[in-house]
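The following exercises concern a single protein model. Please study the sequence and the structure before reading each solution.

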Amino acid sequence: MADELRFDGRVVVVTGAGAGLGRAYALLFGSRGASVVVNDLGGGRHGDGSSTKVADTVVDEIRRAGGKAVANYDNVLDGDKIIQTALDAFGRIDIVINNAGILRDKSFQKMTETDWDLIHDVHLKGAMRVTKAAWPHLRKQGYGRIIMTSSNSGLYGNFGQPNYSAAKMGLVGLASTLALEGVKSNVLTNVIVPTAGSRLTEDIVPPDFFEQLKPEFIAPTVMWLCHEDCSENGSIIESAIGWTGKCRLYRSNGMMLRKNLNDMVTPEDVRNNWDAITSMSGAKAYDSIQEVTGEIMTTLENLKSASSSVSNKELVLHTNYTFRDSILYALGVGATRREPTDMQYLYENHENFSLVPTFYVTFGPIGCMTSSLLQDGLPDLQLDPTRILHGEQYLEIHKPLPTEAKVESRFTIQDVMDKGKGAVILVKYETFDVETGEKLATNQMSAFAVGAGGFGGPRNSPHVIPCIDAPKKKPCASVTQKTNSDQAALYRLSGDYNPLHMDDNMAIMSGYKEPILHGLCSLGFSARHVLQTFANGNPNALKALKVRFAAPVKPGETLRTDMWRNGNRIHFQTTVLENNSNVITGAYMDLHEAKSPASMSRNLCSTQNCESDGVFGQMADYCKSHPEQVKKINGVFHYIITQNGKPVSEWTLDLKKGVVCRGKPEGKIDTTLTIDDKDMVQMALGKINPQLAFMKGKLKIKGNIMLTQKLKSLIDANKPKL
C-alpha cells in the first residue's frame with residue numbers, strides 16, 4: 001500500500017513484549033520495518049520467576065517474517081540496560097513503549113507495603129527508568145515517541161487494586177508532564193488505556209469475553225501514536241475490541257463563595273451551595289495547568305478592589321453594526337467570490353449569510369485607541385501611542401455571532417508585565433448582546449509598549465493565554481492568498497483607523513519604510529483559510545483561537561497559511577512568500593469538530609475567473625442543505641475545467657462527505673471529468689446533453705463512468721438557481 005504507515009530506520013523498545021499486548025506491538029512494528037528490542041523478564045504475572053524463552057520466541061517470530069529484532073531480559077528497573085541494548089544493536093532509539101506489568105491484587109485493608117512497592121516498581125518506577133534512559137537520546141536527535149500504559153482501574157478505580165490503580169494513574173501524570181517538557185524537541189508522549197486479554201487477565205475474565213479482547217485490536221492505535229505523522233501529545237487514548245476514543249478530565253464551573261477580598265468562607269456556605277458547586281452542566285476540559293491557574297487568577301482579579309499599578313476601571317464600548325459592516329469586514333480580510341465558502345460572508349441574501357467569526361477582534365483596537373483606557377488604567381506608565389505594537393490576540397466565541405446586532409464590549413486591564421525594554425499590557429474585553437444580555441465572545445489582546453519597561457513590575461502573568469508553536473513537520477494543508485495593495489485602506493474601514501497603516505510619515509516615525517497591514521487583518525485571512533480547510537467553511541465551527549504577531553506584512557504581499565491538525569485543534573503559521581518571513585506564529589484554532597481537509601494545498605491568488613465557478617458554488621450550497629440526498633451519490637469526483645484547451649481550475653466533489661471545494665481531491669478519486677468552462681455552464685443549464693457531450697469529446701471522463709449518471713440529480717436540483 002502506498003500510504004502504509006512505515007517505520008523503516010526507526011528503533012522501538014517494547015517492555016513486557018513476551019506475550020499479550022507487548023508481543024502484538026513488537027510483531028506489528030517488526031512487520032512495518034522497525035528494528036525491535038523485545039524486552040521481557042519472563043516472570044509470572046505476580047512478578048515472580050524469570051525466563052529468556054518468552055522474549056526469544058517473539059524475536060524468532062519477527063526474524064522469520066523478515067524483520068529485525070533482538071531480545072533483552074533485564075528488569076525494567078534497569079532501564080539503562082534496556083536502552084543500551086537498542087544502542088548496541090541498532091545504534092539509536094526512537095520509540096519507547098512502556099508496557100511491562102504485574103498484578104498483586106488485594107483489598108486495601110489486606111495489602112502490604114511489599115504489594116504496593118512491587119507494583120509501583122514495575123509499572124511507575126520502571127516506566128520512569130526506561131524512559132529516563134532514552135530521554136537524552138530522543139531530545140538530542142529531535143525526535144521521539146513515548147507510550148505509557150495506564151488502565152481503566154487507574155482512571156476509575158477498581159476494588160482490590162489500590163496499588164495497581166495508583167500506579168496507573170501516576171503514569172498519566174508522568175506522561176502529561178513529559179508531553180510538556182518534550183514537545184519542543186519533537187518528543188511526544190501519550191497514554192494508552194487498553195482493555196485486552198493477556199497473561200494478567202486470562203483466568204480473571206469470562207472466556208467468551210476474553211476471546212474478543214485481542215491485543216491485535218489495540219496495536220494499530222499504539223502504532224499510529226508512534227508514527228512521525230501523528231502529532232497527538234499528552235493525550236489519554238482508550239482502546240478495546242476495535243474501538244478507540246480519547247479521555248479527558250472535566251471540571252464543573254463551580255461557584256465563587258466570596259464577594260470581596262474581606263469575606264471568609266464557612267462550611268455552611270459550601271453546604272448551601274453544594275448543588276451549584278458540583279453541577280456538571282457546562283463543565284469544561286482544560287488543556288494545561290496554565291489554563292486552570294489563569295482562570296483561578298481571573299476569578300481572584302474580580303475580587304480585587306484596586307492595584308498599585310493597574311486601575312480597576314472598566315471601559316464600556318457600544319457598537320451597533322449592520323449587514324453592511326459584516327460584508328465590509330469580510331472584504332477587508334480577503335473574502336472573495338472565487339472561494340465558494342466565502343459567499344456566505346459577502347451576500348446578505350445568501351441562505352447561510354454569516355459573519356466572519358473573527359469580526360469581534362476589531363473591537364480591541366477601537367476601544368483602546370478611542371478611549372483613555374490605557375492611560376487612565378496605567379497612571380504610573382508613560383505611553384507613546386506611536387510605539388505600541390499588537391503582540392498577541394486570543395478569541396473565544398460563546399454563541400453564534402449575529403450578522404447585525406447592538407453589542408456592548410467591557411474592557412479591563414488584566415495585568416502589566418515589565419519586559420525591560422518595554423511593557424506588555426494585557427487587555428481583556430467581553431462582548432455582550434445588548435438585547436438578550438448573552439455573552440457572545442471573550443477577547444484578550446497583548447500590547448507591547450516600546451520603551452515603557454523598567455518600572456520594576458513582574459515579568460510574567462498568570463493571565464497570559466500561551467501560544468503553542470507549530471509541529472516541526474510537513475503541514476497537513478496549506479492555503480495561499482495574495483493581499484491587495486489597498487488591503488489596509490479597506491480593512492481600516494472596519495474601525496481600526498491607526499494612521500500607521502495609512503500614513504507614510506506615521507509609518508516612518510514608527511520605524512517602518514511604508515505603512516504596514518494590520519496584524520488583525522492577516523489574522524482574518526488565516527482564520528478563513530483554516531475554516532475553509534478543516535470546517536467546510538462553517539463559521540460556527542470556531543471555538544477559540546490564539547495567535548502571535550511576529551513580523552509585519554506589507555499590503556500586496558502574498559500570505560500562505562500552513563496548518564497542522566491535532567484532533568479538533570488546528571495549529572497554523574502564516575508566512576509572507578515574498579520574503580519567506582513568518583508573520584503569525586504560535587497560533588492555533590480550536591474547532592467544535594474538525595473535518596478532514598479536502599486537498600493538501602490550495603491557491604486563492606489566481607485572478608482567472610471561470611463562469612463555472614457559480615455552478616460549483618450552487619452545488620456547494622445544495623450539499624450543505626441536503627446532506628443526506630447528496631451522500632446517496634457516494635462518490636468522489638475530480639473536475640478539471642479548461643479554457644482554450646488549457647486547465648484553469650480544479651474542483652472536488654466529495655459526495656461521500658458532502659464537500660464541494662476548489663482543488664484536487666486528496667485520496668482515492670472515483671471519476672475525473674474534464675470539460676470546457678463554457679460547456680460546463682451550458683450542461684448545467686440543460687442546454688448541452690451530457691451523453692452527447694461525451695460522445696463528441698467535449699466531456700472527457702476517466703474512472704467510474706456509470707457513477708457520473710448519479711450527478712444528474714445534483715445538477716438538475718440547481719437548474720432553477722442557475
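This is a predicted model: local features need pLDDT of at least 70, side-chain atom pairs count only at pLDDT 80 or more; totals for chains, interfaces and linings use all residues.

**Exercise 1.** Determine whether Cys-230 and Cys-661 are buried or exposed.

*Solution.* Step 1: a residue counts as buried under 20% relative accessible area. Step 2: Cys-230 has a relative accessibility of 3%, so Cys-230 is buried. Step 3: Cys-661 has 8%, so Cys-661 is buried as well. Step 4: for the protein as a whole, 50% of the 722 residues count as buried.

**Exercise 2.** Describe the open sheet of 8 strands, and explain why β3 and β8 stand at its edges.

*Solution.* Step 1: the strand order is β3-β2-β1-β4-β5-β6-β7-β8, with mixed pairing. Step 2: β3 (68-72) and β8 (243-247) each have a single partner strand, so one side of each lacks a neighbour in the sheet. Step 3: on average, neighbouring strands of this sheet are turned by 20° against each other, direction ignored. Step 4: within the sheet, β1 (residues 11-14) and β2 (residues 35-39) run parallel and are joined by 4 bridges; Val-13 has Val-37 in β2 as its bridge partner.

**Exercise 3.** Which strands does helix α8 lie across?

*Solution.* Helix α8 (residues 219-226) lies across β4, β5, β6, β7 and β8. The helix runs at about 145° to β5 (144-149).

Note on methods:
Residues are numbered from 1 along each chain as its sequence is written. Side-chain values use heavy atoms; hydrogens and water are left out. Buried means under 20% relative accessible area, exposed over 50%, partly exposed in between (1.4 Å probe, protein chains only). Two strands pair if DSSP finds at least two bridges between them. Helices (H or I, at least four residues) and strands (E, at least two) are DSSP runs, numbered from the N terminus. Axes are lines fitted to C-alpha atoms, for helices over the stretch in contact, and angles run from 0 to 180 degrees between N-to-C directions. Contact means heavy atoms within 4.5 Å.
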